[in-house]
Amino acid sequence: QRSNKNRIKKGFMKTSIKTVTLASLALALVVPAWSADESFVGKWKAEFDSQVGKQKYTFEFKLEDGKLAGKASGERQMGTNEVKLVEIKTDKDDISFVEPLTLQGNTVRIIYKGKLKDDEIKLHRNVTDIAEYDIVAKRVKETGKAETKPEPKKPETKTETAPPAKP
């Protein structure tokens with residue numbers, strides 16, 4: 001009877017180990033699917049003063065085939081531009097990317113390095129070692145349907161007409 005109990009314990013242990021191993025493997029496969037990249041997905045706006053005047057930027061990040069992709073739209077005195085961001089890298093709440101901006105026929109590599117905190121990315125912007133800026137890009141809150149507030153109810157007044165009083 002004792003050896004029978006030992007067989008049951010050994011069988012239980014083998015089954016438990018297999019279950020824990022399979023669960024761990026499944027979790028290991030699922031966790032990388034959710035990555036820090038998703039934290040950066042969305043639109044971000046930044047405004048800053050520079051050597052060429054005030055600049056307004058919109059950065060837009062999205063996941064394409066499981067990788068972070070993005071574009072930058074810039075507005076400045078000299079005009080506007082939209083460019084695909086390259087060399088995008090993330091590590092937890094850190095991000096770096098390059099904006100290959102074409103100015104007067106020349107491509108200028110603008111390198112960004114930043115850190116995400118809540119709804120802001122604090123970025124260091126390096127324009128080919130000519131100029132450097134620290135800027136803050138703030139997440140653009142997507143607005144859904146406009147909220148409509150119900151009109152306040154008017155107080156009900158009862159206007160009952162009573163039959164004329166009899167003399």
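Arg139 is partly exposed, at 24% relative accessible area. Here "buried" means under 20% relative accessible area, "exposed" means over 50%, and "partly exposed" is in between, using a 1.4 Å probe and protein chains only. Keep in mind that this is a predicted model, where local features need pLDDT of at least 70 and side-chain atom pairs pLDDT 80 or more, while totals for chains, interfaces and linings use all residues. Residues are numbered from 1 along each chain as its sequence is written, and side-chain values use heavy atoms, leaving out hydrogens and water.

**The salt bridges**

Which residue does Arg139 meet in a salt bridge? The partner is Asp119, and the N to O distance is 3.0 Å. Arg139 belongs to strand E9 and Asp119 to the loop between E7 and E8, so this pair ties together parts that are 20 residues apart in sequence. Asp119 is partly exposed as well, at 29%.

A salt bridge here needs a side-chain nitrogen of Lys or Arg within 4 Å of a carboxyl oxygen of Asp or Glu. The structure holds 12 of these. Another one joins Lys71 and Glu82, whose closest N and O atoms are 3.7 Å apart. That pair links distant parts of the chain, with Lys71 in strand E3 and Glu82 in strand E4, 11 residues apart. Then there is Glu47 with Lys54, at 3.8 Å between the closest N and O atoms.

**The overall layout**

How many helices and strands does the protein have? The count is 2 helices and 9 strands. (These are DSSP runs numbered from the N terminus: helices are H or I with at least four residues, strands are E with at least two.) From the N terminus on, the order is α-α-β-β-β-β-β-β-β-β-β. Of the 167 residues in the protein, 25% are buried.

In soluble globular proteins, nonpolar side chains tend to be buried together.

Beyond its neighbours within four places in sequence, Ser50 touches Gln55 and Tyr133.

**Out on the surface**

Now for some loops. Met78 is in the loop between strands E3 and E4, Asp65 is in the loop between E2 and E3, and Lys92 is in the loop between E5 and E6. Asp65 has a positive phi, near 55 degrees, and is not a glycine. Lys92 isn't a glycine either, yet its phi is about 60 degrees.

Here is how some residues score for accessibility:

| Residue | Relative accessible area | Class |
|---|---|---|
| Asp65 | 83% | exposed |
| Lys92 | 65% | exposed |
| Glu82 | 56% | exposed |
| Met78 | 54% | exposed |
| Lys54 | 43% | partly exposed |
| Lys71 | 32% | partly exposed |

Methods:
Contact means heavy atoms within 4.5 Å.
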